[in-house]
Amino acid sequence: MSAVVTLALLFFLSVALNEQVTEGCSCLPRRPHPQQHFCASDVVIRAKVIGKVTRTLPGLTAYKIQPITTFKQLDKKKIKVIYTSQTSCGIDLINGEYLLSGHVKDGRVVVNLCDRVERWDSISSVQKLYFSMYQRGCVCEISPCTGASCLIKMLQKKCLMKVDDSSSLDYQEARFQSICLPGHGGFCSWQEIIVD
């Protein structure tokens, strides 16, 4: 095989593989603490998904929803429809109650695979309580730590979160046990809320 044919074949394969990679959905390499998800979202609501909307925008699927509780919202307009991408980052929802977090783009709430979307009945009672408190903690930073660096107690606007390695958050511990809130002097610390 000639060098020209080999180069042409390699070029074709690299373009084809690059297109496949760019079509995939890439989120952050590790799952953030639920509080980080909350603070980074434009909208966090508990809502009942009623069904798909037949009319929609190109590249987007629309779902009619009925908001139940609004935990965070940038504007005060009542959200009646949410959108999701028709790419690999999009999600499929069935009728029922969900926790939906997403971002506002061009005046529309868009929810994708990288956002926090969970059936409401699968969320622990502690997490449900924390949703009403997370906004207070958005002034705090949650930073990963490993080994002995996790033992350092800092007086600043930061809470340390133990990771198993450089990219894997101990998500179960974070999810069920703690919330990072400012306290005396504005310093942030982990707090555990006991639910009966």
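Valine 104 counts as partly exposed because its relative accessibility is 32%, where buried means under 20% relative accessible area, exposed means over 50%, and partly exposed lies in between (1.4 Å probe, protein chains only). The model is predicted, so local features need pLDDT of at least 70 and side-chain atom pairs count only at pLDDT 80 or more, while totals for chains, interfaces and linings use all residues. Residues are numbered from 1 along each chain as its sequence is written, and side-chain values use heavy atoms, with hydrogens and water left out.

**Valine 104 and strand E4**

Valine 104 belongs to strand E4, helices (H or I, at least four residues) and strands (E, at least two) being DSSP runs numbered from the N terminus. Leaving aside residues up to four places away in sequence, valine 104 touches Asp42, Val43 and Val109, a contact being heavy atoms within 4.5 Å.

Strand pairing is assigned if DSSP finds at least two bridges between two strands.

| Strand pair | Bridges | Direction |
|---|---|---|
| E1 and E4 | seven | antiparallel |
| E4 and E6 (residues 117–119) | three | antiparallel |
| E4 and E5 (residues 108–110) | three | antiparallel |
| E9 (residues 179–182) and E10 (residues 188–191) | four | antiparallel |

Within these pairings, valine 44 stands opposite serine 101 in E4, leucine 100 stands opposite valine 117 in E6, and lysine 105 stands opposite arginine 108 in E5. The hairpin of E4 and E5 has two residues between the strands, and aspartate 106 there takes a positive phi near 55°. The hairpin of E9 and E10 has five residues between its strands, with glycine 185 in the turn showing a positive phi of about 70°; proline 182 has cysteine 188 in E10 as its bridge partner.

**Nonpolar cores**

In soluble globular proteins, nonpolar side chains tend to be buried together. A nonpolar core is here a set of buried Ala, Val, Leu, Ile, Met, Phe, Trp, Tyr and Cys residues joined through side-chain atoms within 4.5 Å. The largest such core has 14 residues, and those with the most contacts inside it are Ile45, Ile65, Ile79, Ile82, Leu93 and Leu100. Strand E1 (43–53), strand E2 (60–73) and E4 each supply at least two residues of this core, and E1 gives the most, with four residues. A second, separate core of 13 residues includes Val44, Tyr130, Ile179 and Leu181. Isoleucine 65, when residues up to four places away in sequence are not counted, has among its contacts Ile45, Ala47, Val49, Ile79 and Ile82.

**The cavity**

A search of the whole structure finds one cavity of 30 Å³ or more, a cavity being a set of points on a 1 Å grid over the protein atoms alone where a 1.4 Å probe fits but cannot get out, with lining residues having an atom within 4 Å of a point. The largest cavity holds about 40 Å³ of space, the volume being the space filled by probe spheres set on the points, which are joined across faces, edges and corners. Its lining is made up of Pro34, His37, Phe38, Val44, Leu99, Ser101, Arg116 and Phe131. Helix H2 (34–40) and strand E4 (96–105) are the elements that give two or more residues to this lining, and H2 provides the largest share, three residues. By class, the lining has five nonpolar, two polar and one charged residues, where Ala, Val, Leu, Ile, Met, Phe, Trp, Tyr, Cys and Pro count as nonpolar, Asp, Glu, Lys and Arg as charged, and the others, Gly among them, as polar.

Definitions and conventions:
On a 1 Å grid over the protein atoms alone, a cavity is a set of points where a 1.4 Å probe fits but cannot get out, and a pocket is an open set with protein on both sides within 12 Å along at least five of seven lines; lining residues have an atom within 4 Å of a point.
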